[in-house]
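Let's walk through a structure together, one piece at a time. Have a look at the chains first, and then read on.

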Amino acid sequence: MSCLKIDDLHVDVDGKQILKGVNLEIHEHETHALMGPNGNGKSTLLAAIMGNPKYHVTRGSITLDGQDVLAMEVDERSKAGLFLGMQYPSEVSGVTNSDFLRAAMNARRERPIPLFTFIREMEKTVKEMEMKPDLAHRFLNEGFSGGEKKRNEIVQMKMLKPSIAMLDEIDSGLDVDALKLVAKMIHEMQIEQGMGLVVVSHYARFLDLLKPTHAHVLVDGAIVVSGGSELIEKIDQEGYDWIEKEYHVQVVKEEKKKVALLQQCAAGTKGV
Amino acid sequence: MSDMQIPSEDYKYGFHDEDISLYKTKQGLTEETIREISRIKQEPEWMLNYRLQAFAKFMEMPIQDWGPELSRLNFDEYTYYIKPSDKTEQRWEDVPETIKETFDKLGIPEAEKEFLAGVTTQYDSEAVYHNMLEEVERKGVIFLDTDTALKKHPDLFKKYFGKLVPYTDNKFAALNSCVWSGGSFIYVPKGVHLEKPLQSYFRINTERMGQFERTLIIVDEGADVHYVEGCTAPIYSKDSLHAAVVEIFVHKNARCRYSTVQNWSDNIINLVTKRAKVFANGSMEWIDGNIGSGVNMKYPACILAEPYAKGICVSIAVAGKKQIQDAGAKMIHLAEDTYSNIISKSVSRNGGEVNYRGLVFHGPKAQRAKSKVECDTLILDKQSRSDTIPTNVSKNKTSQIEHEATVSNISEEQLFYLMSRGLSRGQATEMIVMGFLEPFTRELPMEYAVELNQLLKLDMSDSIG
């Protein structure tokens, strides 16, 4: 039984505290929807679990089946069974998808996967994700459309078979048909291997498809309310205002960066 | 590299009775040394005179005042000519462990290892590659070591030798011109296309690994050849100065590709003058890899002499600990509608220094000429450095030069992404570096690309730990 346990997690980014004591437990087969307004710590939580070096854990613990996740390097976390489908997957020029994936699969095996087994599996997965067969030979995410990148994350997830997967806004850039496809793949993985899932999404339609067993609302670095599908429904209809009132919390508003237009710069100096 | 077994014969005993002093010149460079080299080689008078004139020029020329510091060179320390059969003075025990380990990891066969390490200099490839050579000969292609070519094809030789890189060119070209030995000579007759690359391997026998190699390639009208020089495996030599000259003539409508990866051991100062002259609608492609030697200066050049001539240089330079790679390319456009493209990829790590130094020149007659230069540098740590020193000159109003340069290090985001899929930090770094160099490796013949990747991986694992 896989179990990811997060206890009193505090996380800093660039010296600023973002997470202020998060508690969460995810078991296999479960699907957790992580909700909350932008800028309140959802992506931070997922990145910190995976070990992104930009995020510093200052207090609390994360364990996977009792093992201390915080003591592990990023690659060890992956090999232990964690997976993060990223909001903005990196592009790596000159490295083909297949070379990358094969290396990633071999990293968690004692003996390298036989080449033909790998090719068969990759071709099958690419086809299931309704991507073009040349995907294997293209460079990792280079020149991919937003949707292609997201589908590619799912290809990786399918091939790496994590015990707990985290998907950070995997729905952005995907159309309805693609969303259905992703949801179908996730269901299959949950049935076949009991994968646990944490998903960050703003898209009610996607959550409808995924049918989360649990929902949590993250406000100002902490989970203020947890529930089931009824919570998702309520937020979909009423937004987050009621949470502020009911739970006496203040939603962190995302700082909007001021866009300086060239014209404005010139206007400032020359007084035009 | 092939894994076939090379029959090794014990040549060193075969020459036991010979008076060795006859075949090895004294240390230092004097007119006497040069006369002796020419006499041992039984050269025609004109070559002796050429060597002597080059010597006079060498004595009066200063070392260039740009690029890596070379003042520590002491020309009296070197032995300028050793007859190859007597070069077997090196013992396997004396070959550095690191080089031996690399051979082992690459899985290079015993006979080849010894050859590459300079333990044996006799490596009879003629037997192995006999069929290949036969096919080449049937098509009328001349493929010989340069010394033999001088004897067998004196007229052709004289017509082209030293015409592109005169001994007045630079001090090291002058040095090469007075003491040159070995190298490849290739003539591809009109309209002949060679499907498979010609590899210097095919005719490794005696003087391939010379210190002062001289290579001359003539691709006649409409002909097409790909020449692959040397190999990617590390080559160990006790001789610390290497100054080679390569001259290539690409005639009308012809095409030549010259691929090489130099991987000398890091005690070597490698100074090479490589130049091609390209005639109407001809095309020259330099595929030039630099991963070895302590100091390396190499700037393959194309002189685009007639309309629609094309020059391409795709190169990598990788500098590690105690290495200075000063490399680049030169494209000289002398005629209208000529085109050139330079792609340079540099990597520095472990305190290495890698510089791109390049020239693009569009002369007054080079109307509508176009050049594209792309220099990318990856610096892996804070101890390492890199400079890009491009010179772009246009002497007319219709030509175009595009220059693009980037310097970067490995991004934490990329590392995190790859590691989050299970790759270790070392593997992830390695993968990003290999990807960065891919525009070069994809141009290499398959077996070379595989070997180069292997080699760079070994190197990386040393540095990352």
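## Before we start

This is a predicted model, in which local features need pLDDT of at least 70 and side-chain atom pairs count only at pLDDT 80 or more, while totals for chains, interfaces and linings use all residues. Residues are numbered from 1 along each chain as its sequence is written, and chains are lettered from A and ligands numbered from 1 in the order in which they are written.

## The two chains

For chain A, an unreviewed UniProt entry carries the annotation "domain: ABC transporter" over residues 4-245. UniProt positions are given in the numbering used here, feature names are shortened, and annotations may be inferred rather than shown by experiment. Over residues 4-245, chain A is 40% helix and 27% strand, and the end C-alpha atoms lie 31 Å apart.

Chain B has 13 helices and 18 strands. Helices (H or I, at least four residues) and strands (E, at least two) are DSSP runs, numbered from the N terminus. Of the 465 residues in chain B, 51% count as buried. A residue is buried if 20 or more other C-beta atoms lie within 10 Å of its own, exposed if 12 or fewer, and partly exposed in between, with C-beta atoms placed from the backbone.

## Where the chains meet

How many residues of chain B are in contact with chain A? There are 19, and they touch 22 residues of chain A. Two residues are in contact if their C-beta atoms, placed from the backbone, lie within 7 Å.

On the chain B side, α11 (412-419) and α12 (425-441) are the elements that give two or more residues. The most come from α12(B), with 8 residues. The chain B side divides into 9 nonpolar, 6 polar and 4 charged residues. Here Ala, Val, Leu, Ile, Met, Phe, Trp, Tyr, Cys and Pro count as nonpolar, Asp, Glu, Lys and Arg as charged, and the others, Gly among them, as polar.

Now look at helix α2 (residues 31-40) of chain B, where T33(B), I34(B), I37(B) and S38(B) are buried. They cover an arc of only 130° around the axis, so they sit on the same side of α2(B). The arc is that of the directions from the helix axis to the C-beta atoms. An α-helix has 3.6 residues a turn, so residues three or four places apart point the same way.

The cover over the buried residues of α2(B) includes α3 (45-60) and α10 (171-179) of chain B. On the face turned away from the buried side are the exposed residues E32(B) and R39(B). After α2(B) comes Q42(B), with a positive phi near 50°.

## Two residues in one loop

Both E130(A) and N141(A) are found in the loop between α4 and α5 of chain A. E130(A) has a positive phi near 50° and is not a glycine; N141(A), also not a glycine, has a positive phi of about 60°.

E130(A) has 10 C-beta neighbours inside 10 Å, so E130(A) counts as exposed.
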